[in-house]
Amino acid sequence: PIDPADFEARPWVADSGWPFSADTLAPYFDRAHEVCQVDSPSYELDEVASLVPQLYQPPFVGDDVRAVMWTHSPPTKFGSVYRSELEDAQNTTVHLGATVINLDGTDPKHVPSVTVRTDRTTYVVKANTFILTLGGLETPRLLLTSTDAVGSGYGNQNDVVGRYFMEHPHLLCGTVRVDQSGQSRSIVATLDKGLGGIRARMALQRPAGDVKFALALSPELQRKHRLLNGSVHYTVVHHARTESSAIKSLRLVVGNLRSPVRMFRQVRDGAIPGGLGTHVRNILRGVPEVTKVLVNNVLRKPRGIGIFAQAEQSPNPESRVLIDADSVDRYGVPTLVLDWRLRDQDRDSIRKTQELVSEHLVSAGVGPIEPADWLSSDGWGPDLGGGHHHMGTARMGVDPATSVVDANCRIHGSENVYVGDSSVLPTSGFANPGLTTVAVAIRLAHHLMSL
Ligand SMILES: Cc1cc2nc3c(=O)[nH]c(=O)nc-3n(C[C@H](O)[C@H](O)[C@H](O)COP(=O)(O)OP(=O)(O)OC[C@H]3O[C@@H](n4cnc5c(N)ncnc54)[C@H](O)[C@@H]3O)c2cc1C
């Protein structure tokens, strides 16, 4: 789940703050764990340390830096796990292969029906209440393309739908060479798929899940340095990661080789930065280094610990989902364009967080740490990516000028349309959004049942 502090309005983070505190959502996490088939959730290192004391005694954790742990569901395939329950339910009809293409009606306050398309037919579904759970990209798309009641899109009177798109920026921040530190070796033993990792998984009774740790700053330290929330993971890498041009080119070419169609298109469209020839030349020039990396990868010999960030992105109205009026899908609905924008604040916050965490690691004898090149530049690292976490595009809030739904997930100005997916999260913390989204959806269900 996201941290309690993530719910608070932080003066140094524009548009931060949920319309309620963590306590309001807390009661729904038990049920959310059940729904996601997590029997014994534990997110703090202490709980793991008591189970596997010989493995988890990192001396670098103090008041300022805390160790957090990811808990994975089996994973839950909702379609198969809940299929029979849905089939048996007398009050539920599931339409499979059915795509909602429009919120109907000309009254901004009330949607009487939605239009649904399948490959064979088009039909209308009428209801008193509609809950949109299409995800952080498709929910804003449906709202923006449903223009019968409001020309700019349903619920978009204030031009907020689709804005504030947030991801969790992920990227490499540095590398610790294993052979330089005994402490580093024990972390490798713990995390790798060797005996340590197996014992930890068995002790945690999570054979199918990963045991994944991260270090994060306390809310007090975030406040002191005016930082966004963020986590720093340490993951075994099988070669000392460098960012030489040979390795960068190798990564780009190998990444593309996994999808020859994509490679073909990129070459055809001239979309490979510098052109394919440059990258092939870089690889040929760096043959000794490239060979070393390939051999280490093949032999799976741990060579280092990669320090990776998974961080909060600040809510940013310029980061958004837009509609491309010139392009439509097979049902004639305009497609979306994602304009994901990160700010300097996002980058500076990751930089400072990893610096503070690294200080702790080094003082505990882990290291030295080789910082990634991008940390001393004005840019981002070449491996910057997201986590398929699409949030914020129909955000929850009190003020319709900066939010799309109210504290009960109802679209501002609408009497009967709600949103119950990850697009309502107004801030993201650094945690993966699945569990929090399920808790929000369960709270919405309770609210609707109480009406
Ligand atoms: C590869 C991958 C790994 C991930 N790993 C994790 C993880 O470990 N932990 C975690 O917390 N999160 C993880 N996530 C993110 C997580 O899956 C999402 O945050 C979460 O599923 C969002 O839930 P949602 O209900 O908002 O949207 P979704 O789960 O995307 O559900 C939206 C549903 O609506 C349907 N839909 C869309 N448009 C229409 C339409 N017009 N009509 C009818 N139906 C429609 C879609 O088919 C889909 O079934 C991962 C995501 C990916 C892709």
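Helices here are DSSP runs of H or I with at least four residues, strands are E runs of at least two, and both are numbered from the N terminus. The model is predicted: local features need pLDDT of at least 70, side-chain atom pairs count only at pLDDT 80 or more, and totals for chains, interfaces and linings use all residues. Residues are numbered from 1 along each chain as its sequence is written, and side-chain values use heavy atoms, leaving out hydrogens and water.

**Stop 1: helix H5**

Select Glu87 and Arg83. Their side chains meet in a salt bridge, 3.0 Å from N to O. A salt bridge is a side-chain nitrogen of Lys or Arg within 4 Å of a carboxyl oxygen of Asp or Glu. The two residues are 4 apart in helix H5, so about one helical turn separates them. Glu87 is exposed at 54% relative accessibility, while Arg83 is partly exposed at 46%. The cut-offs: buried is under 20% relative accessible area, exposed is over 50%, and partly exposed lies in between (1.4 Å probe, protein chains only).

**Stop 2: helix H6**

Move to Arg141 and Glu138. This pair forms a salt bridge at 2.9 Å, N to O. Both sit in helix H6 (residues 135-145), 3 residues apart, which means about one helical turn lies between them. Arg141 is buried at 11%. Glu138 is partly exposed at 33%.

**Stop 3**

Pick Asp339 and Arg341. Their side chains join in a salt bridge of 2.9 Å, N to O. Asp339 is partly exposed at 22%, and Arg341 is partly exposed at 40%. Next, select Asp159, Arg163, Glu318 and Arg320 together: salt bridges link them in a network. The whole structure holds 15 salt bridges.

**Stop 4: helix H14**

Now select Asp346, in helix H14 (residues 344-363). Asp346 is buried but has no salt bridge. Arg343 is the nearest side chain of opposite charge, 5.8 Å away. For charge, Lys and Arg count as positive, Asp and Glu as negative; His and the chain ends are not counted. The Asp346 side chain does reach the backbone nitrogen of Arg343, at 2.7 Å. Beyond neighbours within four places in sequence, Asp346 is in contact (heavy atoms within 4.5 Å) with Leu228, Glu312, Gln313, Ser314 and Trp380.

**Stop 5: Thr24**

Finish at Thr24, in helix H1 (residues 22-25). Thr24 is partly exposed, at 29%. Thr24 and Arg443 are 419 residues apart along the chain, yet their C-alpha atoms are separated by 9.1 Å.

How values were computed:
Polar contact = N/O pair within 3.5 Å; in protein donor to acceptor, adjacent residues only side chain to side chain.
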